[in-house]
Amino acid sequence: MDRYELQRLDYSLSEAHTDLQAAYRQFFKTSCSIDTVRAAEASGFDKNLWERLCAMGATTMALPESCGGDGATLVDLTLVAEEIGRSLAPVPWIDHVCAARLLARLGALDIANDGAADLVNGAQIAGLDPQVDSAGGVRLIPTGSVADHVIVRDGETIVRLTFGTRPFRVDNIGRLPMAWIDPAKADSRAILAEGAGALAGYRRALDEWRLLTAAALVGLVEETMTIAAEFAKTRYTLGVPISTLQGISHPLANMAIAVQGGRNLARRAAWFLDNEPDERPELAASAFVFMAEEAAKAATMAVHIQGGLGVSSEAAATAYFVRARGWPLAGGDPGASAKQIAEIVAARESRAERRS
Amino acid sequence: MDFSRVDLCADDQAFLDEVRSFLGTHVTDDVRRRDRETGENFDESVHLAVGAKGYLAADLKPESDGGFSPVRRRIWELERCRARVPWFHTGTTAMIARTVEPFASPEIKEAVLSGVLSGHVRLCLGFTEPEGGSDVATCKTRAVRDGDGWIINGSKMFTSNAHNSQYVFLLTNTDPGAPKHKSLTMFLVPLDTPGIEVQGIRTVDGDRTNITYYSDVRVDDKYRLGEVNGGWTVLRSALNAEHGVVDRDAEGLQKIAAMSEHGVLMAEAVDNTAAIAAAEDANGRRLLEDQSVKYRLGRGIARVEAALSTPEIFGRVAIAQTMRDVSPDLMDILGAASSLPVGAERAADDGGVEYIFRMALPVGVYGGTLEVFRNMIAEHVLGLGRPNYSPPKR
């Protein structure tokens, strides 16, 4: 790639962006306290919060106008995802949005069909298998215990599964409504699409999932960093606030750096997927690989800074800590994404070599 | 938000062509080889040609005063990086010139600034001292009144390009009894003044810098910048510039952080590593077939793209830190031949990654260490307060 080509590096948000961001930040601030988050831990899902979120149009916005949606860009969606991470909202918004957009892409979200409207407005929840190299067979689905439709890849086909009785949730570190799903035991199994085009559509959904998860992790890290920083300003040792000790302040500064870099990278990745999808296809996975690593590191340090109080399971810090690990891990080994990045860039650079 | 390619109007396209042809003429393989060998980051013939062409002036001045438009400024920046113009110290001269302007006497301003624009005058920094470290305000170089002038004694580290410069932007102590921020006075000292000795030092990345010694150096008072004991004010505006405080425009035509150029060198090394990993070796094998190679390369790419996305002071740290974190992995991937430097027989990536590994060290030191920037983020962004240091032993 020509790294000296004249391209804009404009990360600024428009007024519409900042309005959207402010609306969702306010919504989660008033509707999703840490107590709300804790109260939903047994199920991994707050139905009431989900319904109010959907009433705001959070699912409708993500779908194309041809399906009755509002045609938001992925950049818009990263802004919402960041607020979900900031508040740890127990709602399957990322998975639902990625699965519903996939259905739309595969032509399986026909607006004339009664069920379609319910998926668009979130009355029915869609989930997907976010693993890059899913082996097939029984698998862990992050939204498995709440999704009305589960979209999975099975060899060359993309199928939609439904279950008469929802599968049981398994306890998990991400506090997700996760369940083991056996496609063979689904009550209905509909083939949505097959072949190369279908698989490309699924890959795009995986990219979107990783992109939005990266954005959520940015919000998550920023919030747990802020809580830890406030704690450090008021906690004293030998007469000085611990925030003035470099052993505390420098790790906090590193979190601020990761937030700034991860946020801009996620937005840049989103912009390219929106506008020039073939130009930088490695960036969504890059944002994910970067934030998956940084989030766990940052959330660990945020707990550590708060010492004995931080490690208590009642501390907000631990709620951030477990999700920082569990949310990206729901997509499987981030190393699989790292390998995809290498393949994409190696192919591009060897083409460039041949040209030069 | 916009990351698209910029469509150039005919005039700007002509400017781009002109810049490329100019650099093609003046920045020859010989220039680049000499630059590598000497580590000077400066080439007088190129520098004077750039000045004669008017690019130095256009780069230094704001658009309202005949300087480059944002798009031309960006073209110039990208093309001189592409051509590997020995350039680093030109930025230092520009930064000092901007700082000098509001503080210098009219006579000095006139003499210095016109020379800076033509390329005949270069300026170097004299902040850090051999025993001073990152706190520039702990200054032991003394300036003492002597009639209508001053006598200066002391020494300075990292006076890079002093041997190609006409003046040093010198921080002195003029009141050792006063609190440190009220004891400093700045001078622009002509480097041909008797009593100044410049001694070269090579750094681990191959660059040349200097230590300069000042023994009973007599300078006229007209070379003073700002008030006596008011040096901190002058220094502050220079440090802001050096630390990469960037006013952003709305068009996305600026680099995103100080040291972005180093970030791009790192990105090129990663791109080259990817190309090498994809190529078949003599036995028809590709490095990329090794899953651990694929993983390390992919993780490295992700981290480099994150660093390149990181803005302002955050990016200043992210770039240097990521160079240090990622380059060892890239060297491992390329194997033993990545221990060979540029120009050595069959050096992996012609020594590109090996150079990044070495360069990562000074990039995290000069212009303020990474700790200085982490302190600034902690204090000014996160509001954590000034760092607490234990008091000196009594």
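# Reading a two-chain predicted model

Visitor: Leaving aside its neighbours within four places in sequence, which residues is Gln321(B) in contact with?

Guide: Two residues are in contact if their C-beta atoms, placed from the backbone, lie within 7 Å. Beyond the neighbours within four places in sequence, Gln321(B) is in contact with Gly364(B) and Leu370(B). This is a predicted model, in which local features need pLDDT of at least 70 and side-chain atom pairs count only at pLDDT 80 or more, while totals for chains, interfaces and linings use all residues. Residues are numbered from 1 along each chain as its sequence is written, and chains are lettered from A and ligands numbered from 1 in the order in which they are written.

Visitor: Is Gln321(B) buried or exposed, and in which helix does it lie?

Guide: A residue is buried if 20 or more other C-beta atoms lie within 10 Å of its own, exposed if 12 or fewer, and partly exposed in between; the C-beta atoms are placed from the backbone. Gln321(B) has 21 other C-beta atoms within 10 Å and is therefore buried. Gln321(B) lies in helix H11 of chain B; helices (H or I, at least four residues) and strands (E, at least two) are DSSP runs, numbered from the N terminus.

Visitor: Which way do the paired strands run, parallel or antiparallel?

Guide: S1(A) and S3(A) (residues 149–154) run parallel, joined by 3 bridges, and Ala126(A) stands opposite His149(A). S3(A) and S4(A) (residues 157–162) run antiparallel over 5 bridges, with Thr157(A) as the bridge partner of Asp154(A). These two strands form a hairpin with 2 residues between them, and Gly155(A) in the turn has a positive phi of about 65°. S4(A) and S6(A) are also antiparallel, with 6 bridges.

Visitor: What do the faces of a strand tell me, and which residues lie on each side of S1(B)?

Guide: In a regular strand the side chains alternate between the two faces of the sheet. In S1(B) (residues 123–126) both faces are covered: Leu123(B) and Leu125(B) on one side, Cys124(B) and Gly126(B) on the other, are all buried. S1(B) pairs in the parallel sense with S4(B) (residues 167–173) over 4 bridges, and Gly126(B) stands opposite Leu170(B).

Visitor: Where do residues other than glycine have a positive phi in chain B?

Guide: Asn161(B) has a phi of about 65° and is found in the loop between S3 and S4 of chain B. Asn161(B) counts as buried, with 22 C-beta neighbours inside 10 Å. For Arg346(B) phi is near 50°; this residue is in the loop between H11 and H12 of chain B and counts as exposed, with 7 C-beta neighbours inside 10 Å.

Visitor: How many residues of chain B are in contact with chain A?

Guide: 54 residues of chain B are in contact with 56 residues of chain A. The largest share of the chain B side, 13 residues, comes from H10(B). By class, that side has 33 nonpolar, 8 polar and 13 charged residues, where Ala, Val, Leu, Ile, Met, Phe, Trp, Tyr, Cys and Pro count as nonpolar, Asp, Glu, Lys and Arg as charged, and the others, Gly among them, as polar.

Methods:
Two strands pair if DSSP finds at least two bridges between them.
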